[in-house]
Each structure stands twice: as C-alpha cells, then as structure tokens.
Amino acid sequence: MIGKLNHVAIVVPDLEQASAVYRDTLGATVSNPQDLPDHGVTTVFVELPNTKIELLHPLGENSPIAKFLEKNTSGGMHHVCYEVEDIIAARDHLKAQGARVLGNGEPRTGAHGKPVLFLHPKDFCGTLVEIEEV
Ligand code: CO
C-alpha cells in the first residue's frame, strides 16, 4: 500500500544551526525557513536526490511539536511520511488492520498542500507515521 518515502521530519531547537548542519556539514540543498501558522511549525526543507528532510521548529503557543522539544531538548526524529495513492482507502485499510488514526480520522491539508493523516506511533514500531496522498 505505501509508496515512496516522502520525507523524514526532524524537530530541532535551532533552525539556523540545523540548516547550517545540513547545508555546510552535509552539503545538502536547504530552503529558507517557511512559517506554516496553520500547522504551528516553521519548516526548512532539505532536498535530497530521493527524498526530503523537513527540519521543524515550533511556531506559536499551541504548536503540536512543543512538547516533543521539551522532552527532546536537543531535537530528534519526529515522524516519517509515506506516500499513498488514495488516502481514504489507505485509512480504511489501516483501521481494518487495527491501526489507530490520530485526530478525528479525517485527512487534513499537510505542509505540502496535500491530504495527510497521522498514525499512532505505538502501532508502528514506536514511530509516528504520516501518510500523504500524492
Ligand atoms: Co510531515
């Protein structure tokens, strides 16, 4: 069912420093920071030949990643995102398999303007999983 790895998201305490690590130390192509107020994050996209890394930093008071950063003060891997062709079909399949879909179960518009859902980390080897319809 899942297709390509769309991105790996890493929460960072300092976006400028994290951007420098990916740009200067690792030699990757790194975007400027983008504020996504609807998602409560500021993101930097790192373009790799086969996928993307998203560096995330909390934006605003109700950021969904604020607690993660409190627990992981030096940052850490937050989620992986897999592509699916049909997010509703994917959701229904996952639910039928006993997986827990977070939120109200209805897809939201993700950081790339496409429908996304998040899946409970306890059902996926301890890793928060995002699925994105492409
Ligand atoms: Co994501």
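**Close-up views of a predicted model**

**View A. Val44 and its neighbours in contact.** Leaving aside residues within four places in sequence, Val44 is in contact with Leu15, Ser19, Val30, Ser31, Asn32, Pro33, Ile53, Glu54 and Leu55. The model shown here and in the other views is predicted. Val44 is part of strand β4. Its relative accessibility is 0%, so Val44 counts as buried. Glu16 is 28 residues away from Val44 along the chain, and the C-alpha atoms of the two are separated by 9.2 Å.

**View B. Val41, another residue of strand β4****.** Is Val41 buried or exposed? Residues count as buried under 20% relative accessible area, and Val41 is buried because its value is 7%. Not counting residues up to four places away in sequence, Val41 touches Gln34, Asp35, Leu36, Leu56, His57, Pro58, Leu59, Ser63 and Ile65. Tyr82 is 41 residues from Val41 along the chain, and 20 Å separates their C-alpha atoms.

**View C. Leu36 in strand β3.** This strand covers residues 34-36. With a relative accessibility of 16%, Leu36 counts as buried. Its contacts, not counting residues up to four places away in sequence, are Val41, Thr43, Leu59 and Ala111. Which of these can also be located by its distance along the chain? Ala111 is 75 residues from Leu36 in sequence, and the two C-alpha atoms are separated by 7.4 Å.

**View D. The nonpolar cores.** The largest nonpolar core has 23 residues. Ile10, Tyr22, Val46, Ile53, Leu55 and Ile131 are those with the most contacts inside this core. Two or more residues of the core come from each of these elements: β1 (5-11), α1 (15-25), β4 (41-47), β5, β6, α3 (87-96), β8 and β9. Apart from this core lies another, of seven residues, including Ala9, Leu36, Leu56 and Ile65. In the largest core, Tyr22 is one of the residues with the most contacts. Leaving aside neighbours within four places in sequence, Tyr22 is in contact with Ile10, Gly27, Ala28, Val30, Val46, Ile53 and Leu55.

**View E. The cobalt site.** Which residues coordinate the cobalt ion? The donors are His7 (NE2), His79 (NE2) and Glu130 (OE), at 2.0 to 2.1 Å. Along the sequence these donor residues are spaced H-x71-H-x50-E. His79 belongs to strand β6 and Glu130 to strand β9, so this pair ties together parts that are 51 residues apart in sequence. Both His79 and Glu130 are buried.

**View F. The largest pocket.** Rolling a probe the size of a water molecule over the atoms shows where empty space is left. The largest pocket holds about 660 Å³ of space. Five elements are listed as giving two or more residues to its lining: β5 (52-58), β6 (76-84), β7 (108-109), β8 (115-119) and β9 (128-133). The lining has 29 residues, and Pro64, His78, His79, Phe118 and Leu128 lie nearest the centre of the pocket. One of these, His79, is also a donor to the cobalt ion. How is the lining divided by class? There are 14 nonpolar, 11 polar and four charged residues in the lining.

**View G. Cys125 and its phi angle.** Most residues other than glycine have a negative phi. Cys125 is not a glycine, yet its phi is positive, at about 60°. Where does Cys125 lie? Cys125 is in the loop between β8 and β9. Its relative accessibility is 81%, and therefore Cys125 counts as exposed.

**View H. Val21 in helix α1****.** Val21 counts as partly exposed because its relative accessibility is 33%. Lys67 is 46 residues from Val21 along the chain, and their C-alpha atoms are separated by 23 Å.

Conventions
Residues numbered from 1 in each chain as written. Predicted model: local features only at pLDDT ≥ 70, side-chain atom pairs only at ≥ 80, totals over all residues. Heavy atoms only, no water. 1 Å grid on protein atoms, 1.4 Å probe; cavity = no way out; pocket = protein on both sides within 12 Å on 5 of 7 lines; lining within 4 Å. Points joined across faces, edges and corners; volume = space filled by probe spheres on them. Helix = DSSP H or I, 4+ residues; strand = E, 2+ residues; numbered from the N terminus. Nonpolar A, V, L, I, M, F, W, Y, C, P; charged D, E, K, R; others polar. Core = buried A, V, L, I, M, F, W, Y, C linked by side-chain atoms within 4.5 Å. Buried < 20%, exposed > 50% of the residue type's maximum accessible area, 1.4 Å probe, protein only. Contact = heavy atoms within 4.5 Å. Donors = N, O, S within 2.8 Å, 3.2 Å for Na, K, Ca; no water.
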